[in-house]
Amino acid sequence: MANTQKAMMIVDKHYKIGKVDPRLYGSFIEHLGRAVYEGIYEPDHPKADVRGFRKDVLELVCELNVPIVRYPGGNFVSGYNWEDGIGPVEERPSRLELAWRVIETNEVGLNEFCEWANKANTEVMMAVNLGTRGIQDAKNILEYCNHPGGTYWSDLRKKHGYRDPYNIKVWCLGNEMDGPWQIGHKTAEEYGRIAYETAKVMKWVDPEIELVACGSSSSKMPTFPEWEATVLEHTYDYVDYLSLHIYYGNQDNNTPNFLANSLDMDEFIKTVISTCDYVKAKKRSKKKINLSFDEWNVWYHSNEADSKLEPWCMAPHQLEDIYNLEDALLVGCMLITLLKHVDRVKIGCLAQLVNVIAPIMTEKGGLAWRQTIYYPFMHASNYGRGTVLNPIIDAPKYDTKDYMDVPIIEAIAVENDDKDELTIFAVNRDMEDGVDLECTIAGYEGYKIKEHIVLDGDDVKASNTLENPNRIVPRNLSNAQIDGEMLFVNLPRLSWNVIRLAK
Ligand code: AHR
């Protein structure tokens, strides 16, 4: 028989972590697998618009309310000639794409992507190639994108039919340059030098831009966190953010351990903040470097299928993880972890957006559907904007293979000042039992429960598939109650919860 556990939480209107930068809810589209071709772009699809973009996919992206999308990679960018993707489509070359061992036709390039981003109501976060290329090409692409006119590259943009500059604000200085798998992999010294010189020139071209230097590809890299310190010692004065990437998997099918991985993410963020501040102190600098967590997700389901793919095909089914309920719960815990650090994490990119380790899946010529991980992201992106409050949580704890003292509850509260709303996001990690959560909401007298949304299910391994796209969908519960400054709510076992309070 199921028991009920108890947990306690205190949030106070005056005890704040910081404001959410909306770009925390960014995402990522790489030229990889079917993210672009058959994902956002499929000209022959019945729902394609005149430019070939799938309107059904655009609708799902808009529902997620994604303010920024990183492009065009990823590992792809380290071998990419951005000029291959501009100008008349029929003249664009097909290339061997070495990062993912496929053929890239270049039918979609930066202009098409910027058009798509406009339709998706999102900004572009552009990455430059520091693998096979360098300062000159970074300068050229920035001039093409952001310079108003009267120069070779800006006039070429106009000639291509795009009169106004894009004014792309955020630029990544390469991708995962610490990884031996990267085309043009570098040591921290080599990368630090090229990133510094590229950043300097890019800011001369457009002083309004913000630059992201590559941090480690994950906290498990042997060069972490020495890489961060060295790179920042070179680039500190010219960059604004340092990147973090992390993916988790459940290869050994150990759900309690898998759901605890957000504790590792939390440690990762803390270490990177400390490293940034160490370099700040060393340089006697007044400037603060913030964090861009520009790749994060669950990624492992597709590993075996990907290892069997034949090379040199076009838009293969690559990195097509089909996510289950437990993945959605970890994604929820990871979102809460990002929210706990909004004072330093300003940009986040769920990697990725469509088909490739993505919340949205498509069938060629057919359906587009929401994966399980779509829901926590959509809830956080839509209701988790405003000011994050620092919670005190007292909950039972458990130990796993890799973690000690894992609280069964992961939770955070976000006040949306414009709407007089307070939203509590909470994951119950407990495998067996629901949790009765008693939450003090100091300073929120008169607030009422608007809704309690839950994502849960009888089978933590269940997924949404083409055949059954609505197997795991959120439902509303009505057990939450408010008495003065006390909120009482039951969080079902293995569940993602959104408790929305309003005046
Ligand atoms: O998102 C998939 C890949 O993961 C990206 O191309 C790379 O940056 C990371 O290793």
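Angles under 35 degrees count as roughly parallel, over 145 as roughly antiparallel, 65 to 115 as roughly perpendicular, and the rest as oblique. Keep that scale at hand for the helix pairs on this tour.

What you have open is a predicted model, in which local features need pLDDT of at least 70 and side-chain atom pairs count only at pLDDT 80 or more, while totals for chains, interfaces and linings use all residues. Residues are numbered from 1 along each chain as its sequence is written, and side-chain values use heavy atoms, with hydrogens and water left out.

**Stop 1: helices 3 and 4**

Select residues 135-146, which form helix 3, and residues 152-159, which form helix 4. Helices (H or I, at least four residues) and strands (E, at least two) are DSSP runs, numbered from the N terminus. The two helices pack at an angle of about 50°, with their axes 7 Å apart. Here axes are lines fitted to C-alpha atoms, for helices over the stretch in contact, and angles run from 0 to 180 degrees between N-to-C directions. Helix 3 and helix 4 are therefore oblique to each other.

Now show side chains. Helix 3 brings Asn140, Glu143, Tyr144, Cys145 and Asn146 to the contact, and helix 4 brings Tyr152, Trp153, Ser154, Leu156 and Arg157; contact means heavy atoms within 4.5 Å. By class, the residues of this contact between helix 3 and helix 4 are five nonpolar, three polar and two charged. In this count Ala, Val, Leu, Ile, Met, Phe, Trp, Tyr, Cys and Pro are nonpolar, Asp, Glu, Lys and Arg are charged, and the others, Gly among them, are polar.

**Stop 2: helices 6 and 8**

Next, select residues 226-235 (helix 6) and 261-282 (helix 8). Their axes come within 9 Å and cross at roughly 40°, so helix 6 and helix 8 are oblique to each other. From helix 6, look for Glu228, Ala229, Leu232 and Glu233; they meet Val272, Thr275, Cys276, Tyr278, Val279 and Lys282 of helix 8. The contact of helix 6 with helix 8 has six nonpolar residues, one polar and three charged.

While you are here, step back to the loop between strand 9 (210-213) and helix 6, where proline 225 lies. The peptide bond joining phenylalanine 224 and proline 225 is cis, with omega about 0°.

**Stop 3: helices 10 and 11**

Move on to helix 10 (residues 325-340) and helix 11 (residues 374-383), whose axes come within 8 Å and cross at roughly 25°. Helix 10 and helix 11 are therefore roughly parallel to each other. Ala328, Val331, Gly332 and Leu335 of helix 10 meet Pro376, Phe377 and Ala380 of helix 11. Colour the contact of helix 10 with helix 11 by class and you will find six nonpolar residues, one polar and no charged.

**Stop 4: the ligand**

Centre the view on the ligand. Of the 13 residues around the ligand, Glu30, Asn75, Glu176, Tyr247 and Glu295 come nearest. A polar side-chain atom of glutamate 295 lies 2.7 Å from an oxygen atom of the ligand. For tyrosine 247, a ligand oxygen atom is 2.8 Å from an N or O atom in the side chain. Asparagine 175 also has a side-chain N or O atom 3.0 Å from an oxygen atom of the ligand.

**Stop 5**

Select glycine 74, in the loop between strand 4 (68-71) and strand 5 (95-97). The peptide bond from glycine 73 to glycine 74 is cis, with omega near 10°.

Then go to glutamate 38, in the loop between strand 3 (26-28) and helix 1 (55-64). Its phi is positive, about 75°, although glutamate 38 is not a glycine.

Finish at proline 469, in the loop between strand 22 (448-455) and strand 23 (475-477). Leaving aside neighbours within four places in sequence, proline 469 is in contact with Leu367, Trp369, Arg370 and Asn464. Proline 469 and leucine 367 are 102 residues apart in sequence and 9.4 Å apart in space, C-alpha to C-alpha.

Note on methods. A residue is near a molecule or strand if one of its heavy atoms lies within 4 Å of it. A polar contact is a pair of N or O atoms within 3.5 Å; within protein, one must be able to donate a hydrogen and the other to accept it, and residues adjacent in sequence count only if both atoms are side-chain atoms.
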